[in-house]
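This report covers one predicted protein model.

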Amino acid sequence: ELFQITFNEVFKLGCKELQLGFLKMLRGTKIRLEAQKYNYKYNEAAPYEIISNDDLSALDIQEIHMVEHMLEIYHNKGYFGKNMYDFLQKQDSPYTFFKGIGDYYILNKLPLKAYQIQEVYQNGIDFINNEEITYLLLQDYLLRSKIKPKIFWNNSISKERRGKLIDYVSKMHNLNKNYLYKHSVIVKGSDEYFIVIYQDLKNSSYKIKENIL
């Protein structure tokens with residue numbers, strides 16, 4: 001419980017990257033010589049990492065390792081943009097979020113390694129399961145790429161509506177409609193659309209309110 005409190009306090013300081021270190025019972029150190037005092041269990045082979053002690057069970061340590069892994073994927077590696085960061089900062093307990101999504105990965109047998117970026121987004125969106133947050137995270141996904149990325153979600157925008165959006169952007173920004181059809185992606189929010197256009201290894205984005213079309 002104390003570790004969770006400390007983790008949350010440090011995470012909410014706004015660090016770009018947070019690293020978790022696990023105690024190593026190095027040979028010749030006082031803590032190793034006094035290991036029995038607190039019932040330390042540790043790996044006999046280098047780097048002699050802690051397995052458990054009187055205060056942290058082996059399951060506790062395993063849980064913290066999973067939290068560390070999810071922290072790497074959903075924060076440290078920088079796969080996401082500002083919207084994911086803002087979402088995590090608003091959580092009462094970021095630790096609980098990372099633990100929860102780790103449990104979700106295990107339950108659904110999702111790959112913890114050798115994954116694709118779109119899988120990281122898909123898994124996070126499915127776990128959070130909130131339309132408003134989905135809209136924001138898809139913006140992160142679209143803006144992280146300089147070329148048109150893979151679409152992994154159900155983009156339920158009708159052909160007629162997409163045509164109106166393309167026509168509007170074409171007129172407002174003097175862009176070729178045929179190019180827009182081929183090199184843009186549109187995501188629908190509750191009352192607006194977010195469109196990203198990929199051109200010359202750059203992206204530009206626009207938000208269009210539903211009521212102006």
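Helix α5 (residues 94-107) has the highest mean pLDDT among the elements of the protein, at 98. Helix α8 (residues 159-173) has the lowest, at 92. The score pLDDT is the predictor's confidence in each residue, from 0 to 100. The protein averages 95, and 100% of the residues score at least 70. Helices (H or I, at least four residues) and strands (E, at least two) are DSSP runs, numbered from the N terminus.

The model is predicted, so local features need pLDDT of at least 70 and side-chain atom pairs count only at pLDDT 80 or more, while totals for chains, interfaces and linings use all residues. Residues are numbered from 1 along each chain as its sequence is written, and side-chain values use heavy atoms, with hydrogens and water left out.

S93 lies in the loop between α4 (82-89) and α5. At 18% relative accessibility, S93 counts as buried (under 20% relative accessible area; exposed is over 50%, partly exposed in between; 1.4 Å probe, protein chains only). The S93 side chain makes a polar contact with the side chain of T96, at 2.8 Å. A polar contact is a pair of N or O atoms within 3.5 Å; within protein, one must be able to donate a hydrogen and the other to accept it, and residues adjacent in sequence count only if both atoms are side-chain atoms.

The 14 residues of α5 reach 20 Å from first C-alpha to last, close to the 20 Å expected at 1.5 Å a residue. That expected span is 1.5 Å times one less than the number of residues. Buried residues of α5 include F97, F98 and Y105. The buried residues pack against α1 (2-11), α3 (58-76), α4 and α6 (117-128); contact means heavy atoms within 4.5 Å. Just after α5, K109 takes a positive phi of about 50°.

**The sheet**

Three strands form an open antiparallel sheet in the order β3-β4-β5. β3 (184-188) and β5 (202-209) stand at the edges, each with a single partner strand, so one side of each lacks a neighbour in the sheet. Strands pair if DSSP finds at least two bridges between them.

| Pair | Bridges | Sense |
|---|---|---|
| β3 and β4 | five bridges | antiparallel |
| β4 and β5 | eight bridges | antiparallel |

A hairpin joins β3 to β4 through three residues. K188 stands opposite Y193 in β4. I197 stands opposite S204 in β5. Four of the five residues of β3 are buried, so β3 is largely enclosed by the rest of the structure.
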